[in-house]
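Hello,

I am passing a structure on to you.

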Amino acid sequence: MFSISDVTLNRDELHGTLANTTAGAIVVFEGWVRNHNEGKKVSSLEYQVYKELALKEGDKILSEAKEKFNLHQVMCAHREGHLALGDIAIWIGATASHRDDAFKATRYIIDEIKHRLPVWKKEHYVDQKAEWVFCRHHHHHVHFNEADFYKKQEIVTNQAKLREARVLVVGAGGLGCPALINLAAAGVGLVRVVDYDTISISNIHRQFLYSPNLVGEKKAVVARSRLLELNPFIEVESITERFSPEHLAGIDLVLDCTDNMATKFLIHDACFKFATPFISAGVFKSEGQVRTFIPSKGCLRCHGAVTPDDSLLGNCNDFGVLGATTSVLGSIQASEALEFLAYGANSTSESTLYLNLKTLTQLRIKHSARPDCPVCKGDVELETCDLEVESIGEARLIDIRNLSDEEVKNLNFTGKVVLSCHRGVRSRKMAEVCRSQGHQHVFSLKGGATSLA
Ligand SMILES: [Zn+2]
């Protein structure tokens, strides 16, 4: 599917490989070598490719596109070596039943290849000079250097510490957008974004990494490309799933930018289990709070907190919030993160900050740790929605095999409910959806109906 060629690409041949009478559309993209770039007269191009890795990653990108956009077939060829003016540098072809899918898939492939493929480009100019063009992460060519980028902040922080830091941000919404912008701009070496959600028009007033033309796209994917446009000197990873403890792998600090209690408590427990510090923020109407949690320095369970049910609390979508409010709180989270990463301590690790944006007043409440708290020591069972057949007990078992997703979401969830399907895969997904809507007592039967036999 994905190939690298050191000779001129033949468009007719490539097109022929996709001939298919069942497909309703083909979209073809060709990237050419042009005779100018940023004011310089280009005479030829040279690509160096780390072939082994590029082939693997290229195939991965095409498989992702095929699955995401229901493609019939997809093909991509990338050049290496010397290219003359007018040569095809990259050829992408995608066939699908619907043209919209083929367009979107092609766009996705171009963007991902630019971000992920280990390809280096050298431009040869008419005046006999040549220059490597830094386009590692970027749509545009970067000719400026890293030291200049950080010139005005180096005197107030420890840039080297920030560059080696790896930060996970869970939630790329109202808190996440300002937090992410600030972390990326400050030069945090690796930013990992976790968000399963897609952009909707009512989000954008407070989630300003996005714009109305991107409604329906995955937040984490768009956030990643926006952050790399802002700062091409860092790494950004996007994960388009619900938060799961494995996302903590290799991470120094977590920012909890979510707005539902079930996920907040899962992040809380997972961070204590794996001894990862995290900074949590919450917003309610025009008020907010920020707290930094450090292993062994006190947790929410010290004083017996249990995971609350979201239906009792509500979130930004239910109560409404101003973008300026989430923006201030998300920026405080980032500022606290930068302080913590650069110097190992910050102001909200000792006490929680409560801020009222209407009155511009603040309140600080000092943290207290219970010395024998097991959670603080990492001894915590992570809540999962998978339930073994032996543990069903009094719970109501509901077979969802003949129910649509909508029907499942609208079930009556009083008491403990266990969803079951054929093998336990769809029921787990639906249990997670129901939990994210505030129904904390919904579980999924592990192994599905086969485990009941
Ligand atoms: Zn504790």
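This is a predicted model: local features need pLDDT of at least 70, side-chain atom pairs count only at pLDDT 80 or more; totals for chains, interfaces and linings use all residues.

**The zinc site**

The zinc ion has C299, C302, C373 and C376 as its protein donors. Each gives its SG atom. The donors lie 2.2 to 2.3 Å from the metal. What is the arrangement around the zinc ion? It is tetrahedral, because the four donor atoms subtend angles of 94 to 116°. Along the sequence, the donor residues follow the spacing C-x2-C-x70-C-x2-C. Two of these cysteines, C373 and C376, are buried.

**The domains**

The domain assignment of the protein chain gives domain 1 (2–133), domain 2 (146–366) and domain 3 (386–451). Look at domain 1 and domain 2 next. Their C-alpha centres are 36 Å apart.

How many residues of domain 1 are in contact with domain 2? Four are, and they meet four residues of domain 2. About 320 Å² is buried between domain 1 and domain 2. Carbon and sulfur atoms give 52% of that area. On the domain 1 side, K68, E112 and H115 lose the most area to domain 2. Together these residues account for 76% of what that side buries.

Best wishes

Methods:
Residues are numbered from 1 along each chain as its sequence is written. Side-chain values use heavy atoms; hydrogens and water are left out. Donors are N, O and S atoms within 2.8 Å of the metal (3.2 Å for Na, K and Ca); water is not among the atoms, so sites may look incomplete. Four donors count as tetrahedral if all angles lie between 85 and 135 degrees; four count as square planar and six as octahedral if opposite donors are over 155 degrees apart and all others between 65 and 115; anything else is irregular. Buried means under 20% relative accessible area, exposed over 50%, partly exposed in between (1.4 Å probe, protein chains only). Domain bounds come from an automatic or database domain assignment. Contact means heavy atoms within 4.5 Å. Buried area is the accessible area (1.4 Å probe) that two parts lose on being put together, summed over both.
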